[in-house]
Amino acid sequence: MDKRVLQTKTALRQSLFDLLENQTLDKISVVDLCQNAAISRRTFYIHYRKISDIFDEYQYEIYETVVNNLNHSHNAPQSLIETVDRILKSNFVGFRQLCLNNAHYKLVQRLEELLLVSLNDSLNIQNEQQKYLVNVYISSGLIKSYITWFKSNGRITGSNIK
């Protein structure tokens, strides 16, 4: 991808996540998004049709990252958890902002479902029922753990968990 396109998309995504701290997705206008990103509306429409396309692209990138990193070589849940945790940490800022605002519950739920699908596509367990159960446990547990941690303002550490 062209460096300028990547910079534009990164600025728009960051702008979206900044605005999501105080507003729901449906209340954010293209004008506000572009002003916050210091990008023209015309440039926005070169890359996207609507604001939710930015979030859809973000989800797709997370999905691709999960699938590429898991690459069908994991069969131990601990290895999967470590890989998925690393991926979520690499998307920390945007993910944190989504999790902290209850108005974005549906967006977080979509990410959880996406994680479940990507894990199902990647996990190498023969028993389909066991595979599904492990994936539900990993996807919902990781997302909910992050939400709890974010809401505690990062005060939960290994030293204060009994």
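Colleague: How many helices and strands does the protein have, and which residues of helix H8 are buried?

Modeller: The model is predicted, with local features needing pLDDT of at least 70 and side-chain atom pairs pLDDT 80 or more, while totals for chains, interfaces and linings use all residues. Numbering starts from 1 along each chain as its sequence is written, and side-chain values use heavy atoms, without hydrogens or water. The protein has eight helices and zero strands (DSSP runs, H or I of at least four residues for helices, E of at least two for strands). Helix H8 covers residues 128–151, and because 24 residues at 1.5 Å a residue should span 34 Å, the 34 Å between its end C-alpha atoms agrees (1.5 Å times one less than the number of residues). The buried residues of H8 (under 20% relative accessible area, 1.4 Å probe) are Lys131, Val134, Asn135, Ile138, Ser139, Ser140, Leu142, Ile143, Tyr146, Ile147 and Phe150.

Helix H6 (residues 92–100) packs on H8 at an angle of about 80 degrees, the axes lying 9 Å apart (lines fitted to C-alpha atoms over the stretch in contact, angles from 0 to 180 degrees), which means that H6 is roughly perpendicular to H8 (65 to 115 degrees). In this contact (heavy atoms within 4.5 Å), H6 contributes Phe92, Phe95, Arg96, Cys99 and Leu100, while H8 contributes Ile143, Tyr146, Ile147, Trp149, Phe150 and Lys151. By class, the contact holds nine nonpolar, no polar and two charged residues. Just after H8, Asn153 takes a positive phi of about 60 degrees.

Key:
Parallel < 35°, antiparallel > 145°, perpendicular 65-115°, else oblique. Nonpolar A, V, L, I, M, F, W, Y, C, P; charged D, E, K, R; others polar. Buried < 20%, exposed > 50% of the residue type's maximum accessible area, 1.4 Å probe, protein only.
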